[in-house]
Amino acid sequence: MPSRKFADGEVVMGRWPGSVLYYEVQVTSYDDVAHLYTVKYKDGTELALKESDIRSQSSFKHRKSQSSSSSPSRRSSSRSRSRSRSPGRPAKGRRRSASQSREHKDDKKKTVQETSLALPVFILFKPSENNTKRYNGEPESTEKNATSCIILEQKLKPDLEMKRVLEQYSLRSRKDDKKKEEIYSEKKTFVAVKPIEKVSTKTKDLEFGGRIGTFMLILLLPATVFYLLLMCKQDDPSLLNFPPLPALESLWDWRVFGIFILWFFLQAAFYLLPIGKVVEGLPLSSGRKLQYRINGFYAFILTAAAIGVLLYLQFELHYLYDHLMQFAVSALAFSLALSIYLYVRSLKAPEEELAPGGNSGYFIYDFFTGHELNPRIGSFDLKYFCELRPGLIGWVVINLAMLLAEMKIHNLSVPSLSMILVNSFQLLYVVDALWNEEAVLTTMDITHDGFGFMLAFGDLVWVPFVYSLQAFYLVGHPTTITWPVAAAITVLNCIGYYIFRSANSQKNNFRRNPADPKLANLKFIPTATGKGLLVTGWWGFVRHPNYLGDIIMALAWSLPCGFNHILPYFYVIYFICLLVHREARDEHHCKQKYGLAWERYCQRVPYRIFPYIY
Ligand code: NDP
């Protein structure tokens, strides 16, 4: 194994991927397995580079002093264009003599070229440290969305234009001159197929409290679910009224486990049906795009039909209510087994298929956060399937079972108004998620987090058994609300839903097609990665408008349960904590991805989730 050439902390010159330009970077770490250096640019952007793309600073200083051997034009160029200049700008203060008149003409020509190419330059190259504002894709003012199509087209301009741009800069080592042709073709591939993104490498910044934190979470999360379910069954579910622990043998029932397995595989069968369109996900770090079948809504319709048949056949759905704890234990056992399988198989996965956030090398951390980004069996995507099907649809079925249990236990001919509200609001949320299934492909869960215990447990246990807590609570603790109160809560839910849906759609549409005429009135800050950051519309209101809408809805789901106990408010309290933490994680990732452009965005949009509060 070759030894590393550059040490951590060393300041070196790193080539900007796909170009012949080198910029000052600091080595932050080295991945022995992938043989990649993680380097940090002055604005905070981090990239993984091969050793061949890194030079010592001295090789560049040496080149500068070789003026006598350079042609006049090159000499002048190398002097006037220090590393601190933007590649997109002409040199200032250049001394011009008669012998340089030709060069002067050339300069004029270059200036014209530079002006016309100013837009793509910040996308194609990593400029110098003293001009971070520009190379982070920040023009003098934010771009109207109508220009985004120009940016994208410019990105794909042919080699000739690339060549002209490259020839304007002399910030390259001599060896690279020979390699230019090779790099042009590499450039083309890079720009057309592969976005400027970090190659999967070792995760350095551990989240969730690192190894100890994730270990504690593996124990605490299931304990919380069981605590909440036990509390909910109590007549007085006050916080201080700790529930008695059930006998261990009462927690397991093979029949219940069998039903759970049947449910899981029924959903898997629906997922495999060749109905619904097939779409591509966002590009992976390798440039590859995975294909996903969008048929979650059909799966929901088929499930509804199956439940209808069961009810018609007099199957007592409140069986779910009676055995809820055993179902939760079965789901936990299954998610644990699934997580172990996922971790074991991830050990054989190629480096580039590992999750950017779950590749620390620490077993417990990677097991929790998920080691492999998109584990698949053939075309069956395990994470994508679990994300929206068995747990999310299961949540609606549990809610329905609670509604029927309430009617049976309290001998009602119609469910209570509170129960109707909770069921309807949450049904809307689930149907919306399935209807807009494609939008899940641009979320953090799919693009950043691996599939491990966190998502397996979250999707299969936490969502169905904790999110249905309000309905479960209402069965044992009937709450009466008046029609005006019900109307006010409904309005609140609609406001939350409107913000949530329009914010998510706006971002999703913008990511999928920035040139969409429907988004032409929106402004955005371009970034060095080629992606823009919206600064008007919902994403100019707060930095996570979708979280705001989601939290408003969460409150509307709890309010029908009245104010007798805090238990039904667990969801909204937990959800605020979750989204505040998730927002911080996302900020961190975005800061790494977009550097100064992200800071500029934060200045333009100062509030994270709650306007004027946070
Ligand atoms: P988001 O959908 O909010 O995605 C965040 C990403 O959006 C960023 O990483 C960035 O990615 C992009 N982005 C950020 N700012 C901008 C901008 N100004 N312009 C354009 N793109 C921007 O993240 P989540 O995956 O966390 O949430 C998705 C939805 O799921 C939310 O509505 C959330 O409320 C909901 N959710 C629900 C949960 C539940 O349990 N009910 C749990 C978690 C989330 P990039 O630039 O790389 O595209």
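# Close-up views of a predicted protein–ligand model

**View 1. The whole protein.** The protein's secondary structure comes to 25 helices and 12 strands. Helices (H or I, at least four residues) and strands (E, at least two) are DSSP runs, numbered from the N terminus. This is a predicted model, in which local features need pLDDT of at least 70, side-chain atom pairs count only at pLDDT 80 or more, and totals for chains, interfaces and linings use all residues. Residues are numbered from 1 along each chain as its sequence is written, and side-chain values use heavy atoms, with hydrogens and water left out. Of the 614 residues in the protein, 55% are buried. Buried means under 20% relative accessible area, exposed over 50%, and partly exposed in between (1.4 Å probe, protein chains only). The protein exposes about 27700 Å², and carbon and sulfur atoms supply 62% of that area. Accessible areas come from the Shrake-Rupley method with a 1.4 Å probe; for residues, only the protein chains shown count as cover. Among contacts between residues at least 6 apart in sequence, 74% join residues at least 24 apart. A contact means heavy atoms within 4.5 Å.

**View 2. The shell around the ligand.** There are 27 residues around the ligand, and Arg511, Tyr547, Asp550, Arg582 and Tyr594 come nearest. A residue is near a molecule or strand if one of its heavy atoms lies within 4 Å of it. By class, the shell has 15 nonpolar, 5 polar and 7 charged residues. Ala, Val, Leu, Ile, Met, Phe, Trp, Tyr, Cys and Pro count as nonpolar; Asp, Glu, Lys and Arg count as charged; the others, Gly among them, count as polar. Helix 24 (570-594) is one of the elements that supply at least two shell residues each. The largest share, 8 residues, comes from helix 24. Domain 2 (209-478) and domain 3 (481-613) each give the shell at least three residues. Domain bounds come from an automatic or database domain assignment.

View 3. A polar side-chain atom of arginine 511 lies 2.4 Å from an oxygen atom of the ligand. For tyrosine 547, a side-chain N or O atom is 2.4 Å from a ligand oxygen atom. Tyrosine 429 has a side-chain N or O atom 3.0 Å from a nitrogen atom of the ligand. The protein covers 90% of the 920 Å² of accessible area that the ligand has on its own. A polar contact is a pair of N or O atoms within 3.5 Å; within protein, one must be able to donate a hydrogen and the other to accept it, and residues adjacent in sequence count only if both atoms are side-chain atoms.

View 4. Glutamate 587 sits in helix 24. Its relative accessibility is 11%, so glutamate 587 counts as buried. Beyond its neighbours within four places in sequence, glutamate 587 contacts Arg543, Trp598, Cys602 and Arg608. Tyrosine 601 belongs to helix 25. Tyrosine 601 is buried because its relative accessibility is 2%. Leaving out residues up to four places away in sequence, tyrosine 601 touches residues including Ile525, Trp539 and Arg543. Isoleucine 525 and tyrosine 601 are 76 residues apart in sequence but 7.4 Å apart in space, C-alpha to C-alpha.

**View 5. Two residues with positive phi.** Most residues other than glycine have a negative phi. Phenylalanine 208 has a positive phi of about 55°. This phenylalanine 208 lies in the loop between helix 8 (180-193) and helix 9 (210-233). Phenylalanine 208 counts as buried, at 18% relative accessibility. Tyrosine 612 has a positive phi near 65°. Tyrosine 612 is in the segment after helix 25. With a relative accessible area of 71%, tyrosine 612 is exposed.
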